Amino acid sequence: MQSFGTQNWTAKGGAKFTTQKGHRIWLRAQADALLEFFEPNVLNPAGGFRMLGNSGQALPADPGHAGTERELHDTTRMVHCFAIAKLLGRPSADTYIDQGMDFIWNHHRDPINGGYYWGVRDNGPANPNKLAYGHAFVLLAASSAKAVGHRDADRLLENATEILHSRFWDAKNGTTSEEYTADWQSISDYRGQNSNMHLTEALMAAYEVTLDQTYLDMAQSIAEFFINQHARTLGWRVPEHFDSKWRVDLDHAGDPVFRPKGVTPGHALEWSRLIIQLWNMNKRQHDWMPEAAKNLFLVAVETGWNTEIGGLYYTTDWDKRPDQAVRLWWPCAEGVAAAAVLGTVHSDPEIEDWYRKIWGFIDTNFIDHKDGGWFPELDAELSPTNTIFTGKPDLYHALQACLIPLLPSDGSLIQGLISEAA
């Protein structure tokens with residue numbers, strides 16, 4: 001595999017960036033800046049949270065609608081992020097956690113059929129479908145809230161777990177099914193990698209706060225299926241799309257944001273980090289994991305990175321050519337988090353070089369040093385644009401990218417912060 005200046009820092013005996021005091025101070029400052037960008041206007045007076053524009057202003061509702069639509073993954077991720085904020089010592093964090101937890105239980109939750117609506121406005125469900133992707137983040141929010149002692153965390157965790165087992169979990173294949181109507185009628189035969197990947201993250205978080213081995217066994221099952229079985233076979237590229245019999249569909253082209261065709265390098269980077277976390281949590285008993293994580297990372301950056309002007313392509317085709325050439329923030333965020341975690345178990349200097357290279361690109365192009373927050377997408381000339389996203393929609397990926405490098409790789413970010421404070 002191609003090397004990218006691997007002697008630049010090692011030849012001089014330089015320490016890894018993640019061990020350098022100055023870089024660690026910079027990372028914490030970036031995390032604080034993100035929270036300071038979101039805190040003033042993200043609380044929705046009608047419940048839940050608001051999406052923010054480029055300067056941090058609350059975006060208005062679409063004309064003719066009862067308030068803005070709050071999507072389940074946005075509400076739950078915000079709870080997770082402000083649980084992190086609480087562990088960082090931010091005094092107002094409980095206000096955000098309380099509002100998010102209330103909105104999940106009293107507005108996203110379907111009290112008749114069970115489960116959680118994907119989209120909700122002030123007057124009720126806007127999109128009542130029940131998606132595995134969103135339910136994975138309900139489990140994550142409940143676990144994070146429990147970790148910081150929220151009074152309603154146990155009921156949400158218990159309910160989310162029951163729904164996962166009764167409605168989504170495919171015990172035969174050790175994976176989650178995908179999408180249902182409000183009354184639990186199957187919407188399609190589609191099965192997806194993305195929801196399973198985020199469920200893996202949530203299952204590990206649930207294990208940490210309960211010590212229930214069932215959660216960890218489920219996470220292991222998902223990783224075995226998607227990474228050790230399928231990604232390995234496909235040259236460490238992660239297949240995104242499957243049919244109802246869990247056969248890979250390399251030609252599937254669905255929603256260009258949530259189900260794009262081809263290969264999504266950012267997901268391989270995300271898996272690279274999660275695989276190391278899972279390996280550590282399982283007492284390092286699965287020997288295939290460290291090398292798989294490294295291969296996922298290196299293939300993703302070397303096939304997904306634009307070698308002329310930088311940045312990770314959103315998607316490539318199966319012949320390793322750019323498909324959606326737009327540069328989004330979250331693959332780079334996952335890239336630095338993965339490189340930091342890999343660096344705790346692999347001494348390969350190429351991983352350190354990628355850590356520095358990707359952070360350099362983020363700092364130069366994605367971080368808005370004028371108005372705050374991160375730009376979500378860049379055009380072909382690396383200018384900020386809003387063709388896919390409106391405003392600055394993300395705290396979750398960016399905040400974790402800033403903090404994961406500061407903590408050990410043997411658990412979640414939340415647990416790392418708890419251990420650090422002990």
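Select Asp-368 and Lys-392 to begin: the two form a salt bridge, with 2.5 Å between the closest N and O atoms. A salt bridge here is a side-chain nitrogen of Lys or Arg within 4 Å of a carboxyl oxygen of Asp or Glu. Asp-368 sits in the loop between helix H12 (349-366) and strand E11 (377-378), and Lys-392 in the loop between E11 and helix H13 (396-403), so the pair ties together parts 24 residues apart in sequence. Helices (H or I, at least four residues) and strands (E, at least two) are DSSP runs, numbered from the N terminus. Both Asp-368 and Lys-392 are buried, where buried means under 20% relative accessible area, exposed over 50% and partly exposed in between (1.4 Å probe, protein chains only).

This is a predicted model, in which local features need pLDDT of at least 70 and side-chain atom pairs count only at pLDDT 80 or more, while totals for chains, interfaces and linings use all residues. Residues are numbered from 1 along each chain as its sequence is written, and side-chain values use heavy atoms, leaving out hydrogens and water.

Next, select Arg-259 and Glu-179, a salt bridge with its closest N and O atoms 3.0 Å apart. Arg-259 is in the loop between strand E9 (241-242) and helix H9 (265-281), and Glu-179 is in strand E7 (residues 179-180), so parts 80 residues apart in sequence are tied together. Both Arg-259 and Glu-179 are buried.

Move to Arg-321 and Asp-319, whose side chains meet in a salt bridge at 3.3 Å, N to O. Arg-321 is partly exposed, at 48% relative accessibility; Asp-319 is exposed, at 56%.

Finally, select Arg-28, Asp-32, Glu-36, Glu-39 and Arg-90, which are linked in a network of salt bridges. Searching the whole structure gives 22 salt bridges.
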